[in-house]
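Follow the chain from start to end, then read on.

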Amino acid sequence: MSPAAPPRPDRILVEHIRNGQWLKVSAVCERTGLEAAATGPAREPAAVERLAVAKLRKLIESAG
């Protein structure tokens, strides 16, 4: 028997919306349609995106 292939990671779509000094990042799981968002300073887009994606992954895990 061959070992089972690891599950494919979900594709995550990310949207950045800037409003002045603030940035809202929405992350959506393409497979489940679940969405999570994070807001933070526009000067730290990578950090805000990491937070949104982390929130989405936790949401996906809890949904089962």
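The report below goes from the overall fold to single residues.

**Ground rules.** This is a predicted model, in which local features need pLDDT of at least 70, side-chain atom pairs count only at pLDDT 80 or more, and totals for chains, interfaces and linings use all residues. Residues are numbered from 1 along each chain as its sequence is written, and side-chain values use heavy atoms, with hydrogens and water left out.

**The fold.** The protein has 1 helix and 3 strands. Helices (H or I, at least four residues) and strands (E, at least two) are DSSP runs, numbered from the N terminus. Along the sequence, the pattern reads β-β-β-α. Buried residues make up 22% of the 64 residues. Here, buried means under 20% relative accessible area, exposed means over 50%, and partly exposed lies in between (1.4 Å probe, protein chains only). The accessible surface comes to about 5,100 Å², and 54% of that surface belongs to carbon and sulfur atoms. Such areas come from the Shrake-Rupley method with a 1.4 Å probe; for residues, only the protein chains shown count as cover.

**The sheet.** Strands of a sheet pair through backbone hydrogen bonds, either parallel or antiparallel. In this protein, 3 strands form an open sheet in the order β1-β2-β3, with antiparallel pairing. β1 and β3 stand at the edges with a single partner strand each, so one side of each is left without a neighbour in the sheet. The twist averages 20° from one strand to the next. Two strands count as paired if DSSP finds at least two bridges between them. The table lists both pairs.

| Pair | Residues | Sense | Bridges |
|---|---|---|---|
| β1 and β2 | 12–19 and 22–29 | antiparallel | 8 bridges |
| β2 and β3 | β3: 35–41 | antiparallel | 7 bridges |

Each pair is also a hairpin. β1 and β2 have 2 residues between them, and G20 takes a positive phi near 65°. β2 and β3 have 5 residues between them, and G33 in that turn has a positive phi of about 80°.

L23 in β2 stands opposite R18. In β3, the bridge partner of L23 is G40. V25 has A38 as its bridge partner in β3.

Axes are lines fitted to C-alpha atoms, for helices over the stretch in contact, and angles run from 0 to 180 degrees between N-to-C directions.

The largest nonpolar core has 12 residues, including L23, V25, A38, V48 and A52. A nonpolar core is a set of buried Ala, Val, Leu, Ile, Met, Phe, Trp, Tyr and Cys residues joined through side-chain atoms within 4.5 Å. β2, β3 and α1 (45–63) each give two or more residues to this core. The largest share, 5 residues, comes from α1.

A38 shows how these parts meet. Leaving out residues up to four places away in sequence, A38 touches L23, K24, V25, V48, L51 and A52. Contact means heavy atoms within 4.5 Å.

**Two residues up close.** S26 lies in strand β2. Is S26 buried or exposed? S26 is buried, because its relative accessible area is 6%. Beyond four places in sequence, S26 touches L13, V14, E15, E35, A36 and A37.

H16 sits in strand β1. With a relative accessible area of 38%, H16 is partly exposed. Which residues does H16 touch, not counting those up to four places away in sequence? They are L23, K24, V25, P45 and E49. The side chain of H16 makes a polar contact with the side chain of E49, at 2.8 Å. A polar contact is a pair of N or O atoms within 3.5 Å; within protein, one must be able to donate a hydrogen and the other to accept it, and residues adjacent in sequence count only if both atoms are side-chain atoms. H16 and E49 are 33 residues apart along the chain, and their C-alpha atoms are separated by 8.2 Å.
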